[in-house]
Structure formats: C-alpha cells, structure tokens
Amino acid sequence: TEGNYEDSGEASYEITSSSSYNSMNQNNLYNPNENDDNNNNFDFDQDYREDLMQLGSIDDNNSNSPQNMDQSGNNYDEHDQDSSTTTATTNQKRLLVLGVDGGTESIRACCFDAVTGQVVGQACAVSYPTSHPHPGWAEQNPHDWYRCLQQACQQTLESLYFPTLYRVGAICLDTTCCSVVALDAQHEPLRPCLLWMDQRSAPQTRQVVATQDSALLAVNGPVRGKVTSLSAEWLTPKALWIFQNEHQTTYQKARVICEYQDYLNFKLTGVLTSSACNAATRWHWDAKAAVEVEPFSEPKSGVRHYPGRPMSLYQSVGLSDLAQKLPQTCRNMGEVVGYLTPQAARDLSGKSSKSKNKGGGGGLELDTALPVIQGGPDAFVGMVGLGCVGQQQDEGQSQLCLITGSSHLHCLVLPLTTGNDGDDQTKTPNKSSGGMWGPYLNAPLPGLAFGEGGQSSTGSLLKWAKHEIFDDAMSYKEMDELASEIPIGSDGLLALETFQGSRTPVTDPLARGAMIGLTLSHTKAHIWRALMEAVCFGTRACLDALERSTGHPCETITLAGGIARSPLWLQMHADVTNKPIKVYGPDHNAPLLGCAILASVGIGIHPNVETAVRAMLPEPEIVYPNPQAVHDYNRIYQRVYSKLSSKIRPLVHSIHSIRNGHDEPTEEAFEDDEYVGMSVSNDRLPLSETTISPSLLACDFGSIRREVKRCMDAGATRFHVDVFDGVATNSPIAFTFGPDMVRMIAKAAKKHAFDNGLESPSLDLHMCVLDPARFVEPMAIVGATSFIFQWEAMYHAPPFARKKRALALAKSITDHKMKCGVSVNPETAIWRIKPLLASGLVSVVDVLAVKPGFGGQSFQSNVLKKILYLKEWRDRKGLTFDIMVDGGVTKETAKSVKEAGANVLVAGSFVFKHAQGIQAAMKELLI
C-alpha cells in the first residue's frame, strides 16, 4: 500500500512531522478504520484463532521471574488467581508490552507480544497542540502530554479483543528530545515546554560555543580543533535562555529542569531520572559515569560532586547550579525506572468513549507496580527498532541506520573499546570532526557509540516539487514512473538538495538548493529524477564523511521511513552509496517497536537487546546495488556533485541578503571576491542577550587581521569600530578608521568565518565625527552592520532643528540597510534623545561611560542610573533597542552595568591586554 501521509490519501516520502532530527511521527500509520493484512491490526480472524490455540505457550515456570514480581517482591500473578471475572489464569495469559511514542504532533501507544514483537490490537494516536508565540518559538503544555498519553493508552488497551486473555508486563516510552520543561517544588510545570524545534536560544548557543569547553570538543564536530557550531535545540542553551530571560519567574523557582520523557516517567512512577542515551547525545554528559555513580557530598566538607556532568561548561556560562536542577539519577535504555503508581494505573486504564472492545467487559486494566522501562529519544529508540544495536560480525565494519522523512538522519554505530586509562573510547582517528556530530559514547546502549550526520531537506524536496511546481497534477507513484524512464544523470541536469541549509558534512545554515544544467528539453520527469538523485548524492557525502571521520567502513544500510514507499528511490540510494539496503517496509514503526524491545528486555523476557532484536524484528527486504548504475553514479558524483557545493557557496552567501528583505544587493555583493556577501541579517538581536563587543581601538593596529581572528575564535560575534575624524573631539591625534580600513576588517572577518564555519560578525561603527551624514553611504558599501552616530554632533544645528536632523540621519542609515544607533556622552541626559528613540528607527543606544577620544579614563559610575532609567523607559514604552555601555568596562564594572540593564558591553583594553588572553577576558565579562 502507498500509505496515508496526506489528507488526499496519496503516498508521500515526507513523514508528517517538521522534526529534522528527532521525530518519526507517522500519522495514520495504523488506520483503525481498516482491517487488512497490511496494517497489522489484530482482528478476530484465522490468525486470531491460531493465537488462541497457542495461549499458554508462554508459561512463566519461574514464579519469581522479573515479569511476575511487583516492587515489593510479591508475585502479582497471584492477584488474579481467584478473580471471578478472569477467564484464563495469569500464566495462560498472553504477555504484552506497551510501547509509547511521544512525537512532535501526537503521542501514540501500541501493544506488542513480549516474545515475538507482533502487534496486538491497534496503535492509537492522540494529537496535542503546539503554540508559536513568536517567530522561531515553539511551545507545548506538558499537561497535554500526560492527558494524551492517558487517552492513547486507554484506546489501545480497549482495542484488544477479549482483554482477559492478556496482561501487560511493562511499559516503555520514547519521546522527542530537547523538549525542555521547568518544574516547581511540587513537580508542576512553571511554564510551557520549550519544544525541540524552538530556536529562541540561538544567542545563548553562541555563548556556549564561546567557552570551547572540553565537553563540546568531544561531540560537536570541531573544525581545526575548535567547536564552531552547536544546535540551539539542545538543553544547555535552552536552560541558559531561561536563566537569562526568566530568572526570577522560572529559573529561581525551578526545582527541576528536565525533558519530555523525564516528565512523563515521573508522572507514571514518581521517580525522576534521565535517559543515558539522551544525556550522552544532547546534554554533553559522560553517560557511563552518570549511570554508575549518583551525585554525592563529601562527608566532611559537604562539597557536592556530580559525576559525568560537564560542570566546567555549566560554570563557564553562569549555570553553576544547573546540575542540581537536572535529574539526579541516570538510567540506560532498557533498565527499570520505577513502577506504575496506583493513580497512573487508573489513568492509563480508564475507559474512553471510543471503546471498540468486542470481548466484553471494557479494556484491559494495568497492574499497579507495573515496571516502567527507560526509553530515550525517539530517533535513537528507532535505531533499536531497526536492529542497529551492534557491530557487524566482520571486524571493523559498522552499521548505518538511515531514518528518512522530511529530512535524513544518519547514525553510524561504532564499537567501544577500553583505553589504557580505563576510559571508553572508539577506534576512531579523531574523537570528533567537522564531518559529523559525535561520536556519542555509550549510546544508544552501553558498549556502543555512534556518529551522527544529517540532511535538512530530503522528502520535503519532493513534496515541495509536487505541490509548488507540478501543482499536485500527478501522484508520487506516477511521478516515479515517469522518472524511471529518464537515464541516470537526468540528461545532464544536476541538483543540490540543501534547500534548508546544510548540516553535514559541511555545516552551513546559509546553504541553499540549486539546479544546474537546465535546458528547454528537460521535462518535469527530469526535474523529479534530478531531485531524487540529489538527495542520494547528499546521503553519500554524509556517509563518506562518517566513514572517514570514524575510520569504520559501513557495509550495509538499514533504512526506515517515507523513502521505503518508493522502490525507485530505494534503488537509487543503494546504487549511489554502493551499499545493500535493508528495509522493513513503510509501515514499520521503528520507535514503537524499539520501545517494545526495550520493555521486553527490562522485564527479562529476553536477556539482552541483541537477542530481543533477533526475536522481535521481522525479516527485512534487501535492495542490492546495480553494478552498472554504481559506476555511472560514481562518475557523476566524483566529477560534478562533490565539487558543486563549494563552487557555488560564495554566490549563495552573497545573495542571502536579497532574501532577507533588501530591495537590491549592495555594491559589494557583486565584487569578484569569494568571501563577500557573508553579512549577518539586519534582524535585531534579542534584548536579553549579553554580548561582548571587543573595541578594535585598543588592539594592535599593525596586526588587526590577526586580532579580529583571535576575537572570533574566542566567540566574538560583533566588533566595535570607533571612527574619529579628529574634529568632533577637537583632537588632532583622535583620527582612526576610514572606509578602507573598515572594508579590510569586514573582509578579514568574513574570510575567517568562511574558513572556519563561524558566524560572520556584526560591525558596529561608532561615528564620532562632525558630519556623520556624509559617511553613511561609504560605510554601507564597505560592509558596516550598525552606524552609531554621536548625539552631540546634532548640536551644530539650531536647537529647533536637532530632532529633525537626527530623524533624517536615522532614516538615511536604515535606508542604506544598516542598523541605526545613537551614542550619548556621560553628561548628556537621556530625555534629549527620547523623541528619536520613540521613532522606532534606533536599534542600539551607546551609553558612553568615559569621554570619547581619550584613553586612560575611569568608568563614570553615574551612568548606571542612566542605564537603569533608559531600560525602564524602553520597556514601559514597548520599544526594542539594545543598550550598549562603552568605556571603562572591566570584570568589576561589567556586573554593575548588566544588572542596570545593559546587554552589549564594549571592552577594549580589558579584552586585548588580559593576561590570560581574549577568551578568558570574555568569559570573565559574561559571568
């Protein structure tokens, strides 16, 4: 069957979820309105009669086995022996496990035979809402998760025929990861969850990256020894956002900060613990140490220790107490978290209004003290459900798990060895590299590791083409049939699949898609095939990087998800990668089956996960590569695709500003320079971000390029460039940077960002000049981001004309696609610039704490009241602009200005003359 991923009922190669890494939320995978052989519904047919005849074959001869014991060690089989409503003894009952998959859009529950993995009854899903209060934000109500969990479990239990013939032995959950929850002392949510896709913590991500902590270096793909990127989805940046933006309302009140899965497990058991897989992959923890040793205090000193936690990272970003707010225990996937509380047992067993039970008597009721088994992130539990949990038999070979949908997730499973120092390690030349994320040690299971890669837009490409280009005129199957008639290489048409940026092997959020070689002879079938081939080429690039980074060849690929619906696309993946592909079919729900496997191991039905996989997974279909197609695709990949991305990257970056609202590109965008155009967007940064802006006036002018690079390597994302003409300050020696020097600084910053995968920094020009208007156009052309003029320069106009002159200048600055800023001397009152600020044209107010143009001055503390007043007035008026403090900023003064309300700190001498270097100076100013 084609499946049902869209309202029209057509097949789609995109899983119905916007999750790029985490969520395989396959809506309508099991359709309760259909009972055919393809959806695995358990019906009263010949198969069911055969199952009834086999009841009792699962005979628990050992009454003290784990599945028969409650939390106190009592045999809970005995509870049902004398029940008048029981139609079969407990030892005759078919033992089930209950799997739960908490996705982005809904939560799904399904019962499985604990021995064979066969689906029993129906998988039932209940959706919950997601809110987007601001662009880039995504929130869910944790109470909705538990409410929908109740309904999904009730419905799947009520779908069982003759429920008295069954009993559930355990429950296991997978959920999205990086969905962060803050709980109060009563373990009630303090605010909506920050969903995994929420991007509000992007500024905090830069602060985390700036630490260059060893925990980051271990898993975040450093380039030339430095971490250059980190996902804003992960827990630490989100916790830092809460700390900086909701310190009193949320962070200080939070007894617990945890994730979706931790919260649901607590609701079921009253036990708060974390998944070792989640901690290893997204929390920067040493999962093995966190599992083996719980936090403890020294008897005499009382000093608290948190084994496995990245304490230096937390301390570097000011979250020294985060470790005590996170779950204090950590469990491997497949271990017992706790036991179902009486209230949870009633909640999950309650009768729903949609009961379809044909056996009478309502749905199956869950036992109190039912074991709840630790799961993990949905995609990584899906690895278990695909059998990607061990090294292949041949030494040195590894398994690749390829989860497909709107995007591709590649997980290369690696073996772990023990080093001379007793630490776990992979047989890998580099612990981590720019071609992958990881390797994550002791994940997804103890004794394993895996490297992670990904493509941002894969199945979504064909959905886009079908809807936007071909206007839904044909089905996916019909388009595949047309494309199958086109030769390999699409008659010279080649595409890049990076429509939504590039994850790996090159991390580039500004990357965009392309089609090269279009002619008037190309048809829609050519375009369709070219897009399919582009995704396959991208998969090969990611796979090559994983193999190169880890030193482990991959002999086979195990694939799940939407691509399994297309025989043509499956064959392309095999041919382009030259790997056999094992596929379990489009309706194989890997996360749910992974939960079932973990649950069966957790209660001792199977001794370990590998044994359970062999018993509970069906036989896969294997798609083998075609030798001639392998040869043809390899030639295209080597000659064209592997070179295409790097060749067009500068051009793609140069047109980025056009998409972000520029009427036309700047003059610089068309210069013959491969590094131009990598400017940041004019979108304003969040007011709450604390940013250090190194003042280049204090650096070594003779080595300014090197100084810029040093600052960027330390995490600087903006620079302060003082432009003095010697006239405004009446000082002939106060003459600094002109347009040519600004151009050189901008290009040096862009080149370093390009070479190292960094964000191109913002250049804030502080224009302490007599006539700032004459510099607007030249500075816009050479690459300035912000143009901050001195308010006192307006004094050369009559008092009645100053406001008009300032407004005209601000309008000219914004018309030239720069942010407008205004700077005020220490003695200038804020009320003088209120009319200008009220216009909404100003993005930053630079409050000078020293007189401009003269060095060696002390910080004037009277500006603190000015900053406090300015912040309160801004917030009261609902305006949005940064408050910058410039001059005399040191470790001692930084704390005061931040507390007063400044969020941009300009520091010169303290940064460039710090004894421990630039990075140490920036850390001290941020803490």
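The crossing of helix 22 and helix 23 is right-handed, a term that applies where the near helix is turned clockwise from the far one by less than a right angle, anticlockwise being left-handed. The model is a predicted one, in which local features need pLDDT of at least 70 and side-chain atom pairs count only at pLDDT 80 or more, while totals for chains, interfaces and linings use all residues. Residues are numbered from 1 along each chain as its sequence is written, and side-chain values use heavy atoms, with hydrogens and water left out.

Helix 22 (residues 704–713) packs on helix 23 (residues 739–756) at an angle of about 45 degrees, the axes lying 9 Å apart; axes are lines fitted to C-alpha atoms, for helices over the stretch in contact, and angles run from 0 to 180 degrees between N-to-C directions. Helix 22 is therefore oblique to helix 23, given that angles under 35 degrees count as roughly parallel, over 145 as roughly antiparallel, 65 to 115 as roughly perpendicular and the rest as oblique. In this pairing, Ile-704, Arg-705, Val-708, Lys-709, Met-712 and Asp-713 of helix 22 meet Met-744, Ile-745, Ala-748, Ala-749, His-752 and Ala-753 of helix 23, contact meaning heavy atoms within 4.5 Å.

A second pair is formed by helix 13 (residues 378–385) and helix 18 (residues 590–602), which pack at an angle of about 70 degrees with their axes 7 Å apart, so that helix 13 is roughly perpendicular to helix 18. Their contact involves Asp-378, Val-381, Gly-382, Val-384 and Gly-385 from helix 13, together with Ala-590, Pro-591, Leu-593, Gly-594, Cys-595, Ile-597 and Leu-598 from helix 18. Helix 13 passes helix 18 in a left-handed crossing.

Within the largest nonpolar core, which has 90 residues, Leu-322, Ile-597 and Val-609 touch the most other members; such a core is a set of buried Ala, Val, Leu, Ile, Met, Phe, Trp, Tyr and Cys residues joined through side-chain atoms within 4.5 Å. Helix 18 gives the most to this core, contributing nine residues. When residues up to four places away in sequence are not counted, Val-609 touches Val-384, Val-389, Leu-445, Ile-597, Leu-598 and Val-601. Another core, of 73 residues, lies apart from it and has Ala-780, Val-845, Trp-873 and Ile-883 among its members.

Over the protein chain of 927 residues, 60% are buried, that is, under 20% relative accessible area, with exposed meaning over 50% and partly exposed in between (1.4 Å probe, protein chains only). The secondary structure of the chain comes to 30 helices and 32 strands, where helices (H or I, at least four residues) and strands (E, at least two) are DSSP runs numbered from the N terminus.
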